[in-house]
Amino acid sequence: MKKIKQIKTCLELEKAFGITEITLPGKTTRNTKQEFEQFRQTVLKCTKCDLHPTRKTVVFGDGNTLSSIMFVGEAPGEEEDKTGRPFVGKAGQLLREVISEFLPCDQVYIANILKCRPPQNRLPTRTEIGSCLPYLSSQIKFIKPSIICCLGSTATTVLLGKQSVTMGAIRGKSFQSIYGTVFVTYHPSFLVRRGLIDLPIFKNDIKQALIASGMIKR
Ligand code: URA
């Protein structure tokens, strides 16, 4: 009963984001790599929202599509927009350094809620999220990670289907959502802004997420 209520909340929130069609992640047949590549090529040409005229590149996401963990951030920043790769700027380097303490970074998959950079790195709007979320949903459906590690409050609210969250209260925990098992931690930009005082907590969260996914041993 709790799960039905949860699904209802998620669907209502997606509707509020303007989503009228959803691709449910589930145990359906895995699409072929070729289909996934065709899908990627389509996303790279996306003009669905108002971000396409100002972006340099669509940041689709990258990493191992066979991984059992997927990291999801908010949206590309300046470096990501230039290079077409997620999490390669200052915050991204920190995330990649922390992951690399446990396993090679290319063993995980990294993506964002939005595939295009919002001007001046402003927060994504509901309309932008509504346009872009079906892409992430399809990526999740293809990759089928055991754990989706949400980095920061944008990814967390969207993937948990909540209006808002208190990061301090829910970080380090896992939740069930229609997308699968969602593990919550801070966004690396938040750590950078706060002079890395929360780095030990973040490192431990990443370790716990990797253990929960089965990618590393306890
Ligand atoms: N912040 C994000 O949320 N994603 C990126 O790819 C880079 C910075």
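Colleague: Which residue forms a salt bridge with R122?
Modeller: This is a predicted model, in which local features need pLDDT of at least 70 and side-chain atom pairs count only at pLDDT 80 or more, while totals for chains, interfaces and linings use all residues. Residues are numbered from 1 along each chain as its sequence is written, and side-chain values use heavy atoms, with hydrogens and water left out. A salt bridge is a side-chain nitrogen of Lys or Arg within 4 Å of a carboxyl oxygen of Asp or Glu. The closest N and O atoms are 2.6 Å apart between R122 and its partner, E128.

Colleague: Is E128 buried or exposed?
Modeller: Buried means under 20% relative accessible area, exposed over 50%, and partly exposed in between (1.4 Å probe, protein chains only). R122 has 33% and counts as partly exposed. E128 has a relative accessible area of 5%, so the term for E128 is buried.

Colleague: How many salt bridges does a search of the whole structure find?
Modeller: Some of them share partners, and these join D62, R85 and R96 into one network. The search of the whole structure gives a total of 8.

Colleague: How far apart in sequence are the parts that E101 and K203 tie together?
Modeller: The side chains of E101 and K203 meet in a salt bridge of 3.1 Å, N to O. E101 lies in the loop between α4 (90-100) and β3, and K203 in helix α9 (residues 199-213), so the pair ties together parts whose separation in sequence is 102 residues.

Colleague: In which helix do E37 and R40 both lie?
Modeller: Helices (H or I, at least four residues) and strands (E, at least two) are DSSP runs, numbered from the N terminus. E37 forms a salt bridge with R40, the closest N and O atoms being 2.9 Å apart. The two residues are 3 apart, about one turn of their helix, α2.

Colleague: What distance separates the end C-alpha atoms of helix α2?
Modeller: The expected span of a helix is 1.5 Å times one less than its number of residues. For the 12 residues of α2 (residues 33-44) this should be 16 Å, and the end C-alpha atoms agree, at 16 Å.

Colleague: Which elements do the buried residues of α2 pack against?
Modeller: The buried residues of α2 are F36, F39 and V43. Seen down the helix axis, they fall within an arc of 60° (taken from the directions from the axis to the C-beta atoms), so they line one face of α2. Contact means heavy atoms within 4.5 Å. The buried residues of α2 pack against β3 (109-112) and α5 (126-143).
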